[in-house]
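Subject: Model handover

Hello,

Here is the model we talked about. Please look it over; my notes follow below it.

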Amino acid sequence: MPFAEHRAALLLLLVGLTGAGFLLALGVGALPLSVATVWEAVWRPDHPAFPVVWGLRGARAAAVWCAGALLALAGLLMQTLLRNPLADPYVLGVSSGAAVGALAAIVLGAAGLTVAAAAFAGAVVVMALVFALARGAGPWSATRLILTGVIVAAGASAVVALLLTLAPEQRLHSMLFWLMGDASGAAFSPWPMATLIVASLLLVPWGRDLNALAYGEATAQSVGVPVAQLRWGLYLLASLLTATAVTLVGSVGFVGLIVPHAVRIMIGNDHRWLIPCSILAGGTLLMVADTAARTLWAPLQLPVGIVTALLGVPFFLWLLARARI
Amino acid sequence: MPTPPLLAADALTLTLGHRTLCRGLSLSVHSGEWWVVLGPNGVGKSTLLATLAGLRRATAGAITLAGRPLTQWSAREQAQRRGWLAQSPFFPSEATVLEAVLVGRHPYLSRWGWETAADVAIAREALAAVDLTGFEARRLHTLSGGEKQRVAIATLLAQQPDVYLLDEPTNHLDLRHQRQVLEQLAARCRAGAAVIAALHDLNWAARYATHAVLLSPDGDTEVGEAATLLTAERLSTLYGLSLVACGNPPRRHFVPAEAGT
């Protein structure tokens, strides 16, 4: 099989990079720690660096990793579902939809799981809009898809601005993070990780079906893929993954665009490999980007969404400029 | 008890919007038969093929696959018995040729199963059958239009169905590869399968078809043996173009009666 060695090698490399990225995130900051210190502190609750390593940096790194993994997986599923490599939770406005849902719930005084549910509802509504509008006759056209995303995102940011205007001033700062994506408030919670694990496990027996779906719905159906069921499942799953990521770090863009595409260039289009590789690469990319965002201009902490946008915008334009889209 | 036809349609009516594409079409396709679907552009050849493949619903009428109503087969069972080639297949850019052809093995693998060495061997044979040996690791976006079309045909060959439904299989192919693909399908017919293909090349149709379906723009259909239906007179009426037949079967060919200006 071509790429068989590449695939296993990439997966191993990504596991290694995830570990290295995590050690980096734990060690770098206002109080720099050596790798050796981090390694010691990780295992010993009585170590003086333990609170910094686990309490501050560890929780944030884990939350950010999880958000990156969720976004990369959501992007991959959207690209396969829409058969368009430009599909991404942020580009399509699904992240904005989730942010509007969450913000509206916060303004109304909700907290916790209600906010998460509202974010999911917002993501589902935008996905439904994209589905309804971007599909002209025939396959998903890149132009319609992007236009739909741009318009929906513009509408969503207007609603976000409206909610921010209406919101009481003391809440304003904490609400800003929904706009551009910021991990400074990210705290570790088991739910996003559980969502990621359950979603990945659910997808395991559907890898070959996803491979077939990439060739179009009719062709997939002709080789026995239950297309209608799969389409609904992917639609809901991609919305759930996006909403979960947004509740963690706000609307961070482009991870779902860059990661699956880069992985595909390296190992081809087999989803049984694309899924684990995208999860690991997405998590690591966002974790490293966040480490950079909080240390490069320290003590100033940049929102991580700025870093991913600086990486993602040129990447998006490069993809767009290539003739094959 | 005689063996049931591999694929049969009974009193099939197809409509698209307000337009009736065909009315009360019946046909029985048996092992070894090669059916050609002919008709001018937009007459409903693709719709008929997709309906026969079970990919869209007929307005009225019934379709049976190996004697059982199509609706009683699961999607996977259908896929083991009939395969379908899209008129303009879609190709994900970064996939490899081998990955594409292995999609054809999907109906034979369990939900948790991975392709075995046997599946890969079948895929390689299918690639060899369309003259793409050595292309396994190539990415689809680096292929020419004709090469992509052959990848799609190799996927269908790897699926090894009993009934091959093909929507203009010779699209984008050069003359040699047109013949090679049609010969491969003929070989499958001789081995017990059946072919139903929409074609625009009347000369290939005359060479390979044993049976024909003629679809007219007014919704009338003619179904029968190729020898009866593929005549200059009938085809002239069908296409609204005066044709003359030259030569004798199997080298019968049709050319426009008057040269263009």
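Two strands count as paired if DSSP finds at least two bridges between them. One caution before the rest: this is a predicted model.

Chain B, the sheet

With that pairing rule, chain B has an open sheet of 6 strands. The order is β6-β7-β8-β3-β9-β10, and the pairing is mixed. Which strands sit at the edges? They are β6 (82-85) and β10 (221-225) of chain B, each of which pairs on one side only. On average, neighbouring strands are turned by 10° against each other, direction ignored.

Look at the β6 end. β6(B) pairs with β7 (residues 163-167) of chain B in the parallel sense, over 4 bridges. Within this pair, B:Trp84 stands opposite B:Leu165 of β7(B). A helix packs on the sheet here: α5 (residues 145-159) of chain B touches both β6 and β7 of chain B. The direction of α5 makes about 180° with that of β6(B).

Chain B, overall

The secondary structure of chain B comes to 9 helices and 12 strands. Its radius of gyration is 19 Å, close to the 18 Å that the globule rule gives for 261 residues, so chain B is as compact as a globular protein of that length. Along the principal axes, the C-alpha atoms of chain B fill a box of roughly 55 × 45 × 40 Å.

Chain A, a helix pair

Now turn to α3 (residues 50-82) and α13 (residues 271-295) of chain A. Their axes come within 7 Å and cross at roughly 135°. The crossing of α3(A) and α13(A) is right-handed. Residues of α3(A) in the contact include A:Trp65, A:Gly68 and A:Leu76. From α13(A), A:Gly282, A:Gly283 and A:Asp290 are among those taking part. By class, the contact residues divide into 17 nonpolar, 4 polar and 1 charged.

Between the chains

How many residues of chain A are in contact with chain B? There are 27, and they meet 32 residues of chain B. Three helices of chain A each supply at least two residues of this side: α9 (207-213), α10 (217-222) and α12 (255-267). α10(A) gives the most, with 4 residues. The side of chain A that touches chain B divides into 14 nonpolar, 8 polar and 5 charged residues.

Best wishes

Conventions:
Residues numbered from 1 in each chain as written. Chains lettered and ligands numbered in written order. Predicted model: local features only at pLDDT ≥ 70, side-chain atom pairs only at ≥ 80, totals over all residues. Contact = placed C-beta atoms within 7 Å. Nonpolar A, V, L, I, M, F, W, Y, C, P; charged D, E, K, R; others polar. Axes fitted to C-alpha atoms, helices over the stretch in contact; angles between N-to-C directions. Left-handed = near helix turned anticlockwise from the far one by under 90°. Rg over C-alpha atoms; globule rule 2.2 N^0.38 Å.
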